Amino acid sequence: PTLPGTLFLPPMYLKKDFLLSLIREATRVGKTSLIMSLVSEEFPEEVPPRAEEITIPADVTPERVPTHIVDYSGNGCAIHMAYAILWHCLSCKQYKTCYILASSNDISLLPLILVGNKSDLVEYSSMETILPIMNQYTEIETCVECSAKNLKNISELFYYAQKAVLHPTGPLYCPEEKEMKPACIKALTRIFRISDQDNDGTLSDAELNFFQRICFNTPLAPQALEDVKNVVRKNLSDGVADNGLTLKGFLFLHTLFIQRGRHETTWTVLRRFGYDDDLELTPEYLFPPLKIPPDCTTELNHHAYLFLQSIFDKHDLDRDCALSPEELKDLFKVFPYMPWGPDVNNTVCTNERGWITYQGFLSQWTLTTYLDVQRCLEYLGYLGYSILTEQESQASALTVTRDKKIDLQKKQTQRNVFRCNVVGMKGCGKNGVLQALLGRNLMRQRQIRAEHKSYYAINTVYVYGQEKYLLLHDVSDSEFLCDDETICDVVCLVYDVNNPKSFEYCARIFKQHFMDSRTPCLMVAAKSDLHEVRQEYSISPADFCKKHKMPPPQAFTCNTLEAPSKDIFVKLTTMAMYPHARLRCMCACNRCTFCICQNFLNSDLLQSVKNKLFTAVLNRLRPHVDELGAMLLADEESSIIHQVHAVSFVEDSIFMESSLDPHLFEDRHMTQADLKSSSFWLRASFGATVFAVLGFAMYKALLKQR
């Protein structure tokens, strides 16, 4: 339903394009003549009752926007709509009508331009009469006198109309107080903090040049920079400090631009940093489009980590590689709210004082990117990522991983972040596992307040020399898991060795959700420092793992003097990276290289050859060891004697353990040929040992690379 005096137009005239509405508030003011003179560039002798709708192309307008001009006929009506300009065309003779309009309530919502037409009929200016009205009503952007007959200020009229919509004064400046409005000061303060890349409180010449280039695509000459700072010094005592522009000086410059009618300069800066006409960051700026296919995750790329490193270094004023609460608060001053709560300190690594470290800072951003990518885009927008890195949007900071099914097919992954769901009944030690990933023992965990508890923990883990992020999530201890709680890269099943009913829960959850899935699972026996009791289950945890081809239960405790062991986290990350190859050769495909090598090493043929070779070497060496010692004693070589006796002692031990026949030592007579033969077999056995060690090392290296 429409109200009297209100007109609704099609959406094509809203938002991007601008509707210039000429409203006749008094008869015969020359409204239609203005439009005809603009189009034909000459005064029309015959003026129609109403001009046709006209569209001015964007390439012929100063602001490069298409302009729609609509001639409306009406009697004392006003048009209210978004992104429209109300042009009140008034004859220079009709001052009474002008005052009637100014006292009307219909002109209080949109920017206005007062146009004094037919200036060719008078010999004086009416601006002195109009200025008090402009001062009284802030909605009036400007006032101009023109003449359709003499073509005076016709083009300027339409330029001011576009300027009033694109660069309105109302949101920026308060004429009564002669200063900028709080919303404008807040936006410009955020822009200053982003541009102050070294966080010294001033904009240096390099920072001002960068600011000028990203906003206006042209750098400032050195003399121009000095002229700007001299203007600030002349009007503001603390506007320049250490040859840099302070925040007060920065705000003063924009106030000066607005007061001198150059508010398009301020609007250009505001829109470059993502602000709309209401001085709010636009959704297009904060949430750029990002397509994420199913079964894919999001991670920060190398450029994003470099940017976050520079942000951390900017606010780490004491250079202790940790952010104090004051430094963290200073970092988030460019945010409209505090994004991190006290639970973050129990999610990532901190120092002894509880301050977030550099590694913890990057880990928290990695966690946000993985769990809530839209929030990550929003946070990067607040920090000005796309502006400081000169990228199209902050979406360029993210990498969308490929489908997990492709990783399983290719048996390799390019992911750097792996999610592990920690499952177990209440009180089994799940929170201890999460905090152990952050290097906290039981004593430090007891200092955590209950309201600051976190159900996530993330830290870096090195697997075969590669740095990966392991994200632990403490899922609910209900009888059944929801679908979201089963989506992960690896599962950590935790039971309490001191609780006889703890393992039964892990076994039931495994059978319900993970026994038939391709998600690898690891059983963790928590609180291993306590007395282990028998679990009330049909089979033991070790037999259960063996039955389901899982690695054996891993003993774990966080009741240590130093940081808890991270062995289980390395195993969890390894299983997440290589889900097709179970730990301890749990793969049973008998087709891959891993299985073939393991089967060959465990084959009966290889074991038989190894035993026969070992027996032959011992049989050949044993009859001559004591005789060799006797000959060396005769030569009084004391140092060599000790070595030979040591060899004899070792060989006797091996002989006793191997249960060889003692009759092999009855014949101890040695000849020169036997001595040469024994030396040959010594060298042969040593070479065979070296060859075996090198071969096994090469096999392990190839296995690790795979």
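**Reading the chain**

Author: Of the 706 residues in the chain, 46% count as buried, where buried means under 20% relative accessible area, exposed over 50%, and partly exposed in between (1.4 Å probe, protein chains only). This is a predicted model, in which local features need pLDDT of at least 70 and side-chain atom pairs count only at pLDDT 80 or more, while totals for chains, interfaces and linings use all residues. Residues are numbered from 1 along each chain as its sequence is written, and side-chain values use heavy atoms, with hydrogens and water left out.

Reader: How many helices and strands are there in the chain?

Author: Helices (H or I, at least four residues) and strands (E, at least two) are DSSP runs, numbered from the N terminus. The chain has 26 helices and 21 strands.

Reader: How should I read a helix, and what span should helix H13 have?

Author: An α-helix has 3.6 residues a turn, so residues three or four places apart point the same way. The expected span of a helix is 1.5 Å times one less than its number of residues. For the 14 residues of H13 (residues 358–371) that gives 20 Å, and the end C-alpha atoms are 20 Å apart, which agrees. Because eleven of its 14 residues are buried, H13 is largely enclosed by the rest of the structure; among those buried residues are Phe361, Trp365 and Tyr370.

Reader: And a pair of strands: which strand is joined to S17, and by how many bridges?

Author: In a regular strand the side chains alternate between the two faces of the sheet. Two strands pair if DSSP finds at least two bridges between them. Here eight bridges join S17 to strand S18 (residues 466–474), and the two run antiparallel. Tyr462 stands opposite Glu467 in S18, and in the hairpin of S17 and S18, with two residues between the strands, Tyr464 takes a positive phi near 55 degrees. Strand S17 (residues 456–463) is mostly covered, since six of its eight residues are buried.

Reader: Is Thr67 buried or exposed, and which side chain does its own side chain contact?

Author: Thr67, which is found in strand S3 (residues 67–72), counts as buried because its relative accessibility is 1%. A polar contact is a pair of N or O atoms within 3.5 Å; within protein, one must be able to donate a hydrogen and the other to accept it, and residues adjacent in sequence count only if both atoms are side-chain atoms. The side chains of Thr67 and Gln162 are joined by such a contact of 2.3 Å.
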